[in-house]
Every structure is written in C-alpha cells, then in structure tokens.
Amino acid sequence: MAIIDRPLAIGAGDDAVETVDRPLGSITRPQESGTWRDWLTTVDHKKIGIMYGAAAMFFFVIGGAEALLIRLQLATPNGTLLSPEVYNQVFTMHGVTMIFLVAMPMGAAFANYLLPLQIGARDVAFPRLNALSFWVFLFGGLFLNSAWLLGGGADGGWFNYAPNSTVTFSPSHGIDFYALGLQITGVASLVGAINLITTVLNMRPKGMTLMRMPIFTWMNLVVQFLLLFAVPVISVALFELTFDRLFDANFFNTEAGADPLLWQHLFWIFGHPEVYILILPSFGIVSEVIPVFSRKPIFGYSFMVASGVAIGFMGWGVWAHHMFVSGIGPISVAAFSLSTMFIAVPTGVKILNWLATIWGGKLRFNTAMLFAVGVVSMFTIGGLSGVTHSIAPADTQQTDTYYIVAHFHYVIFGGTLLGFFSGFYFWWPKMFGYKLNEKLGKTNFWLQIVGFNVTFGPMHILGLQGMSRRIDTYDAGFGFEFWNLVATVGAFIIALGIAFFFVNVAVSRRQWIAAGKPNPGPDPWDARSLEWMTASPTPIHNFDEEITVDAPDEFWHRKYGYDTEGNVVRKATAEEVAQDGSNTNVHLPSPSYFPILLALSMPIISYGLIYSLWLCIPGGMLLVYSMVGWIFEHPDDPNAAHDDHGHDDHGDAPDELAAGDDEGELVGVGAGAPETEATNG
Amino acid sequence: MNRLTPSTRKVVRFLALLTAAFVLAACADNAPLDTRGDNLQGPEARDIESFLRWVLWIAYAVFFAVLGVTLYAWKNFRIKTEDYEDDEFPEQISHNNTLEIAWTAAPAILLAIIAIFTIGLHQSLNSNSENPITLDVADGAGGATTVEWEPEIVVVGQQWWWEYQYHFGDVDLVAQRVETLPNADITTATQMVIPVGMEIELEITSRDVIHSHWIPSLNGKRDAVPGRQSAPWKIQADEPGVYFGQCTEFCGLSHSRMRMQVVALPEAEFQEWVTAQMQGLELSPETAAYVAELEAGATVPPANAEQRAIDTFRTKCASCHVLDGVTDGIVARPEEQLVSGAAPNLTHFATRTTFAGGIRNVYETDTGEFNRNDIAQWLRDPASIKANFTEPVSETDSRLRGMPNLGLTTEEVDDLVSLLEMTAPQEGEFEMFEFIIEETGVE
C-alpha cells in the first residue's frame with residue numbers, strides 16, 4: 001500500500017489540486033468490486049449487520065457444541081468424558097462465548113441492520129466506525145477462542161472471580177486470553193454504542209420525534225446507553241486483571257492485602273446491566289413482531305418505552321444481588337434485595353402489555369409470532385424465578401446452584417435467543433429477499449421450545465435438590481441422576497431444533513432460487529414500521545427519498561386510515577406507499593481498508609502481551625498506521641462514479657462536499673448528510 | 001384448525017407427561033443436599049423454605065395466568081389464513097392508562113408485601129442469640145478446666161477441603177484474619193461437630209481463593225473470602241445426625257470434590273468428643289520411647305511396623321501434616337509446600353468418618369470396618385480420587401495445590417494406614433460413633 005503523504009492543507013485554495021491520481025491523503029479508497037472482497041472493506045450498515053449475525057451464528061455453533069459436551073459429561077454420575085481441567089474450560093468458554101460472542105453481537109446485528117432503516121436514515125452516523133466495531137468484535141472473538149489451540153481456554157468461569165483468576169491459581173494462559181479478548185470485544189461494544197446513539201439521536205427524519213420511534217429502536221437506544229456506561233467498568237476490571245497476571249500488579253493479590261470483592265463489584269456493576277443489554281433487544285423484537293401479527297398497534301406504547309427506560313436506569317442499582325452470600329454485610333444485602341425485587345415491576349408491565357396487544361387481535365401464528373409469544377411465556381418463568389432470588393434469604397439456598405442456571409437460561413435462552421429467532425423469521429425477507437419456510441420454521445420452533453423446557457425446566461428441581469453449579473461431576477446418591485439425564489436429552493432436542501433452522505435457511509434459499517427468485521415485495525407481513533417501506537431486500541441506499549413522519553407506525557398509517565365510523569380502511573397498498581429502491585443517484589459513503597486493519601492490530605498486540613512483547617511493536621505500528629491512515633483518508637473515493645450527479649471535481653472541504661450536492665441527489669436523509677458523517681466517521 | 005391436530009395433541013400429551021414427571025420428582029427422597037421438605041433439619045433452612053414456598057405459589061399463579069391468557073388468545077383470536085383480508089381488522093386499541101397504572105401498581109404492591117416479609121426473615125437470619133454452654137476442656141498443662149463456650153467455630157476453606165477450628169479461650173475471632181489467629185484448641189477437617197439444638201456461629205474465611213460453605217439442610221450458604229472474615233453466619237441442627245454440604249463457589253480444579261459434613265451430637269456426646277479431641281495419640285510405652293529418641297535427634301532403626309510408620313510419617317508427611325504425639329518436635333511448614341498453606345491435622349483422623357474433602361468414607365458404611373482400601377489408594381495416588389495439580393505452580397513457585405503423590409512403597413502405605421487407624425476412638429469411648437458411621441453413607 002502507498003506511503004502516507006503529507007496531507008494537503010484543507011481549504012488551501014487553488015494550489016492544492018486534488019486529482020484522481022493524487023487524492024487528498026494517500027490511500028485510494030477501495031472500490032466496489034462485486035466480489036467477496038467488498039465485505040472486508042464495506043461500511044454499509046446492512047452488510048455489517050449481516051456479518052455480525054453470521055459471526056454470532058458461527059460462535060453460537062461453538063458455544064452450543066460446548067453446551068452439549070457439558071450435558072454429556074453430566075448425563076450420568078461420575079462422568080468421565082471430560083477431565084475436571086477440561087470441563088472447567090468448557091463451561092467457562094460456553095458462558096463467555098454465549099454472552100459476549102453470541103447474544104451481544106446478535107443484538108448488534110439486528111441493531112446495525114435495522115436501526116437506520118427504522119428511523120429512515122441512509123446509514124449509521126459513522127459508517128467506518130461501524131465497520132471497526134464489527135471487525136474488532138470478530139477478531140476479539142477469534143482471539144478468545146484461539147486459546148483452545150494454544151494450551152486451553154479460560155478456566156475461571158465467565159464471572160472469573162479473583163483471586164482464582166490470578167496466575168497462582170490459573171497458571172495457564174487461558175485467563176490472559178479471557179482478559180484481553182473481552183477487552184477487545186469491549187472496544188467493539190463501546191464504539192458501536194457511540195455510533196448507534198449518535199445515529200438514533202441525530203439522524204431521524206423530519207417528524208420522527210423520540211416518541212414516534214419504533215420500540216425496537218427505543219430498546220436498542222437504551223441498550224447502547226447501558227453499553228456506553230457498563231463496558232468501561234469491566235474494562236477497568238480487565239485491565240487490573242491483565243496487569244496482575246502479566247506485570248505482577250497486586251490489584252487482586254490477597255497475600256498483598258487486596259480485597260477480592262473489588263473484582264466482584266466491578267464485574268457485576270458491569271454484569272448486571274449486561275443482563276439488560278442481552279434482553280432488551282429481544283424485548284424490542286417481540287414488540288415489533290407481536291403487533292404486526294396481531295394486526296393491532298402495540299398496547300401502551302408510552303408505557304412500553306417508559307418501562308424499558310426504567311429498566312435501563314434501575315439495572316444499575318441491583319448488581320450486588322449477585323453477591324448476597326459474599327459477606328457484604330446485612331444492610332447492603334437488604335438494600336439490594338429490595339431494589340432487585342422492584343425491577344420486576346417494569347418487566348411485568350412489558351409482559352402485560354404484550355398480552356394486551358395479543359388480546360382481541362387477529363393473530364397469525366406463523367413462526368416469527370410463535371417465537372415472540374414463546375418469549376412472553378418463557379421469559380415470564382425466568383422473571384418469576386428471578387423474584388425468588390431477589391429474596392435474599394432464599395437466595396442463600398439458591399445461589400450457585402442449578403436453580404440459578406435454570407433461571408438465567410430462561411432469561412437468556414427463553415428471552416433473548418427465542419427473540420432473536422423471532423427476528424430472523426420476521427426480517428429474513430427484508431434482509432435476503434425470501435421468506436423462510438414456515439413448515440420447517442414451526443418444526444424449528446417446537447423442537448427448540450420443547451427441548452429448551454426439557455433441558456432447563458429440570459434444572460430448577462436439581463438446584464432445589466442442592467446440585468451446585470460448575471461441578472464437573474457428581475456422585476450417585478444425591479438424587480441428581482434422573483433430571484440430569486433428562487436435561488441432557490433436552491439439550492440434544494435443542495440442537496436438533498437449531499439444526500432445523502440451518503436446514504430451513506438452505507432449503508428456503510434453494511426453493512427461492514428454483515422459483516426464479518420471486519420478490520417478496522416491500523412488505524410481506526403487512527407490517528408497520530419504516531424498514532418495510534422500501535424494497536426487499538433493502539437496496540444499498542435504503543430509501544430513495546426522505547420520509548416525513550407524522551405518527552408512530554408511519555408506514556401503517558400510510559397504508560390504512562379510518563372511515564367515518566372509525567373502522568380501519570385501506571388507503572393504499574404497500575407497493576404504492578413503499579419506495580421501490582430505483583434511485584441510483586445516491587451518494588454513499590465509500591468503503592475503507594482501515595477499519596479491518598485497525599481491528600487486526602488488536603489481537604496482534606494481545607498475542608504480544610501474552611507471548612512476547614516484541615510482537616507488540618508490529619501490532620502497535622499497524623495500529624498507529626491505521627489510525628493515521630484513517631484520519632487522512634479521503635472522505636470519498638475520487639475514482640468512484642460520481643458522474644451521475646454532475647460533478648467535475650470535488651470540493652476541498654468536506655462541508656463543501658455535503659453542501660455541494662444539488663441536483664437530484666438526496667442529501668438530507670436524516671438530519672445529517674451521509675457524506676458529512678462519512679467524513680467524520 | 002380449531003381442534004388440535006394429531007401432532008399438536010402429541011405435544012400436549014408429552015407436556016402432560018412431563019408435568020406429571022415433574023410432580024413426581026418433586027417428591028424424590030434420597031437427596032441429602034435437598035433444600036426442601038423432610039431433608040431440612042435446621043430452623044433457618046425451614047424458615048427459608050416455608051417463605052419461599054408461598055412466594056412460589058404466587059409465581060405459579062402469575063405464570064399460569066400469563067400462559068392461560070396466551071393459550072386463550074391462541075384458541076380464540078387466531079386466524080387461519082397466512083395473509084389478512086383488507087377488512088379483517090380487530091378493534092384498534094392502542095392504550096388504556098387506567099389499566100396500565102393498575103398493572104404497574106398491582107405487582108409493585110405485591111412485591112412490597114413480599115419485601116416486608118423478606119426483610120423480616122433476613123433480619124432474623126442475621127441476628128445471633130447468646131447461649132453459652134459449659135464444657136470441660138484440657139487446660140494445656142495436663143489438667144482440666146471448665147469454660148463457658150459461646151458456640152462459635154472458625155471455618156476455613158482452602159483448595160479443596162474445609163478446616164474447622166474451635167477456640168475455647170477468650171479470643172475475638174471476628175476481628176482477626178485466619179493467619180493471625182492463635183492455635184486452636186481443636187482443629188479438625190471436613191467434618192464439623194456441633195452440639196444439637198443450639199445456634200452455632202460460624203466465622204467463615206479462606207486461605208486461598210473464594211469458597212462457599214453450605215449445609216443445605218441447616219441453612220443457606222456463606223462465602224469464604226480470603227483476607228476477610230465474613231459477617232457471622234449461623235447454623236443449628238434440631239436432631240442428631242450427619243448433614244451434608246458442598247462447596248458452592250467455584251474454586252478451581254476440584255471444586256466438585258470439595259464437600260463437608262456437619263455432625264450434630266447431643267450435648268453430653270459433644271462433650272465426649274471435645275475431650276477426646278483434646279488428647280494426643282496414645283502410644284504404647286515402647287513406641288513413646290522410640291518417638292522420644294527420634295525427637296532427641298537420635299537415629300534409631302524402627303523395631304516394628306508401628307515404629308516404621310512413625311518414621312515414615314515423620315519423614316514424608318510431617319512437613320505438612322500434624323499428628324500430635326508423633327510429630328511434636330517437627331514444625332510443619334505447609335505454607336512452603338502448598339499454595340493454600342494448610343493441610344489437615346491428622347491427630348484424630350479416624351474419629352472422622354469422611355476424608356479426601358468429604359468424598360470418601362473412613363469406615364465402610366455397611367460393615368463399619370476401617371476403609372483400608374480407599375485410604376491406601378489415597379496415599380498411593382491422591383489424584384486418582386481427587387483431581388489436583390501434581391506440578392508446581394510455576395518455575396519460580398514450587399508450591400503444590402492438593403495432596404501430592406509421594407511415591408510411597410506398598411509397605412509404607414500399609415504402615416501408614418495402620419497408623420491412621422490407631423487414631424480411631426477406643427472401644428466404649430464414644431458411644432455415638434456407630435451412629436455417625438451409619439449416617440455418613442449417602443445412599
């Protein structure tokens with residue numbers, strides 16, 4: 001690649017001539033090639049969203065395989081499939097993978113793809129930063145899992161309590177990979193949070209006030225704020241851990257007087273908001289799916305929004321309920337017991353509002369709806385068992401038993417994951433241009449929900465019978481045999497259900513191609529929000545022209561109105577209302593090499609920290625190079641075909657670029673012009 | 001479609017069977033760690049369960065209400081077609097603020113009621129009553145003395161076993177870290193012995209990582225945090241018996257094999273136990289003389305198996321383990337050998353009925369015979385019973401975690417097992433011992 005030239009002074013007048021051969025800065029931006037290489041340099045939020053989803057699915061398969069190993073080991077007493085050493089790594093990596101590499105990025109996948117569409121924007125506020133988020137996450141996840149090939153994964157549990165996580169007690173490199181890997185994925189979350197918050201707050205079209213935003217957008221806005229404030233906390237904890245392990249610091253060295261509860265507080269101040277980071281995107285999805293398939297607006301929109309925001313705030317005041325038996329003192333325990341109890345109120349409001357939305361509706365129970373309704377019931381179980389933990393005295397019996405394992409799987413699997421599957425079936429035609437097969441989809445759903453209950457239902461009983469978490473085996477005679485076997489059978493039913501999803505994708509795609517790729521139309525479900533107001537699959541530029549919003553569910557209100565008697569009548573068809581994506585005259589942010597290069601430097605530096613500090617030098621050089629290149633990268637690809645909109649030349653200053661576009665080109669989708677954003681991004 | 005299709009019916013039947021199985025299993029006995037029902041033998045555990053039970057009833061009611069509404073909606077509001085007709089609209093109700101406020105307030109009020117009872121229970125679990133008992137104890141100078149003992153036991157977790165310390169002197173246990181505590185009057189491992197019907201205060205701490213001390217049939221758990229004494233936690237057993245426990249905070253490799261037991265004895269038997277624990281090992285006069293010579297630094301060839309065992313113990317075991325009467329002149333320095341810095345005191349090994357972190361029995365539960373096989377296996381190859389790290393921590397840190405494989409010969413193992421058997425209670429010394437052996441069996 002080219003050397004970095006001294007950048008030309010911006011606005012230096014006519015002397016600073018920028019030509020095709022000598023662009024401002026030095027790196028020619030990559031161009032669309034129509035091949036797989038586009039995916040490496042893309043800054044398109046839709047492509048990035050899809051890559052997020054695909055990567056999360058990849059890690060989901062890994063985490064799922066780990067889960068099956070755990071269940072096989074525990075199927076019978078004195079299991080010998082895994083040694084205690086390996087078992088400890090497997091359960092640790094199962095948790096870390098499912099939370100940080102599946103549930104969080106899958107939420108990011110939906111948020112990336114849908115947030116700009118739902119608010120009618122061209123892209124996110126900072127497209128290159130968006131690409132950076134994804135690549136950083138992917139490389140962080142791969143780095144974390146590379147530990148398997150380099151001596152074994154982390155073995156301290158996902159919560160990784162000190163001082164069991166220090167070198168003395170875990171001399172292998174597993175926990176170094178944990179600390180650095182999560183640090184890297186934390187960067188991804190932070191960058192994404194800043195990007196999406198800016199997008200939602202600044203790029204809404206005319207008329208879309210905050211209280212007209214779809215609930216999915218609202219919930220994700222809350223999530224991004226949670227990430228923005230929660231991730232720094234775990235970053236601090238991980239830095240301390242890294243320094244302890246690699247440079248002999250004493251943050252968690254109890255022999256030197258450290259208090260190991262420091263880690264617990266830091267971890268759970270992050271860790272509890274994290275729970276809401278995992279669940280709120282799913283709440284958002286359910287709140288989109290249920291109204292569409294009930295043919296009713298969401299019941300109590302403002303209460304749904306308010307309860308989500310309330311959860312976001314209250315989520316910060318409950319972390320110590322993870323520490324009821326840590327010996328934090330009876331007053332703290334009492335206070336956190338109460339705060340935890342009352343966080344059930346806004347969650348309950350959501351459940352009741354969903355039920356009220358279903359009530360009296362015209363319900364189409366297709367796969368997306370089944371998954372969404374599944375969330376309502378299954379999450380209720382998780383929420384109610386959560387209330388039983390909030391009773392601190394009861395928690396002293398329950399905590400660190402399988403009762404807790406049951407609880408959080410009902411929340412994260414029954415709430416988050418089922419919600420994501422609902423989202424897959426719902427938005428698949430919008431993303432890929434074809435619907436998933438309903439028959440296979442329903443098989444997928446029923447296997448998954450039955451398998452889920454057969455696996456995790458019995459864990460409530462096991463926990464109350466006194467089976468501890470994180471034990472690699474158990475003896476006969478404690479009454480654990482039967483339900484463990486049942487749970488193992490259930491886990492394989494889940495695996496079969498998930499397999500049906502993959503089969504469904506393959507089969508549906510093949511059928512669609514065989515049928516000559518029929519277009520599902522912009523609005524295959526008779527839906528309500530703006531993402532359905534453009535062609536399927538979403539055109540590269542999202543919308544042909546800016547949408548002015550007059551109401552929540554804007555798209556629905558353009559299709560339907562009320563007659564004088566208050567009955568709903570159709571005003572227009574979806575095809576008439578929706579934009580057809582035919583506008584080719586739209587100026588889009590150009591792809592860039594730098595996000596992926598910058599992301600790549602992070603695992604290199606991390607390997608260096610673990611194995612040889614010398615490796616940090618090339619890693620650091622790549623980091624600095626990418627940052628500098630990023631800064632001086634030309635705001636646009638000068639070679640790209642801009643002839644469409646009649647420019648002979650580009651202005652020198654970015655603001656001129658933005659302002660300079662006149663004829664036909666849409667500048668103001670959202671409050672900010674995409675060009676400007678790309679420049680700053 | 002309004003009637004169930006055959007496949008749906010199958011699902012429903014399956015779910016019904018599953019529910020039935022759930023109900024049956026909820027009554028399963030033979031679960032010595034169970035937090036419910038007949039397994040509970042302490043007032044704290046029972047209070048917790050009875051409160052939880054009625055909260056669970058509320059939870060069931062809420063869940064079945066949600067499920068019921070969903071199923072009702074599924075049955076009554078479902079349409080059969082894949083797409084909507086243009087005029088097929090339900091009433092477009094978007095909100096009802098009265099309803100919203102009602103169902104925000106109702107759970108809040110319900111939770112507030114639960115909260116009040118929670119705080120009450122929490123308060124009672126965290127309060128301690130004073131009820132000292134009188135004990136005859138050895139005064140350390142060969143005589144006996146009487147102390148008022150406020151039942152209070154120091155519980156120390158380490159990878160991967162529990163130590164229990166009894167201090168009869170006037171020591172402020174709460175204020176001190178385990179490293180600075182004076183030598184305990186009784187130090188035992190894996191099996192805590194308590195007087196029955198009495199509130200016992202536990203001062204729980206750890207020597208290495210965080211563990212959690214949990215005897216589900218008596219009370220909830222409390223973490224053992226290194227460098228801290230937990231706020232006092234208490235247990236009480238109503239009936240004499242053996243109560244099982246399991247470390248419940250993940251503590252590394254053999255976390256699953258870190259178990260413990262509480263033996264509750266009537267006050268008189270507890271006194272017997274205390275008296276026995278405060279005596280050293282009784283040796284024959286010849287053996288005592290042999291030990292005395294060894295203590296004096298002489299090199300004496302052992303005359304019999306017992307003396308051979310003592311010699312082996314002193315050279316191979318005494319760097320970590322204490323056996324009063326045999327290792328008196330040797331200062332055990334487990335802190336140089338082990339990361340946790342402690343190894344079980346073996347003076348009264350055979351007065352306990354469980355070893356190896358509570359996963360093997362010292363006596364066969366069916367015959368009551370000394371379990372020579374398991375103990376020999378433990379001495380030969382500890383990792384075959386309880387996984388541990390046989391390698392030192394690092395190149396610069398030679399400490400081990402767990403009992404190492406000492407490469408003992410068959411004869412040495414046999415001698416040591418016999419030596420350990422000598423620590424058993426003498427005939428008629430401890431009436432309830434048979435009962436404890438029986439109760440130790442899990443099955």
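The legends below describe close-up views of a predicted model. Residues are numbered from 1 along each chain as its sequence is written, while chains are lettered from A in the order in which they are written. In this predicted model, local features need pLDDT of at least 70 and side-chain atom pairs count only at pLDDT 80 or more, whereas totals for chains, interfaces and linings use all residues.

**View 1. The side of chain B that touches chain A.** Here 82 residues of chain B are in contact with 85 residues of chain A, two residues being in contact if their C-beta atoms, placed from the backbone, lie within 7 Å. The elements of chain B that give two or more residues to this side are α1 (6–26), α2 (43–76), α3 (97–125) and β9 (221–224), and α2(B) gives the most, with 14 residues. Helices (H or I, at least four residues) and strands (E, at least two) are DSSP runs, numbered from the N terminus.

**View 2. Strand β3 (residues 152–158) of chain B.** Seven of the seven residues of this strand are buried, so β3(B) is largely enclosed by the rest of the structure; a residue is buried if 20 or more other C-beta atoms, placed from the backbone, lie within 10 Å of its own. On one side are E152(B), V154(B), V156(B) and Q158(B), and on the other I153(B), V155(B) and G157(B).

**View 3. The strands that pair with β3(B).** Two strands pair if DSSP finds at least two bridges between them. With β7 (residues 200–206) of chain B, β3(B) pairs in the parallel sense over six bridges, and E152(B) stands opposite E201(B). Six bridges also join β3(B) to the antiparallel β4 (residues 161–166) of chain B, where Q158(B) stands opposite W161(B). β3(B) and β4(B) form a hairpin with two residues between them.

Notes. Buried ≥ 20, exposed ≤ 12 C-beta atoms within 10 Å, placed from the backbone.
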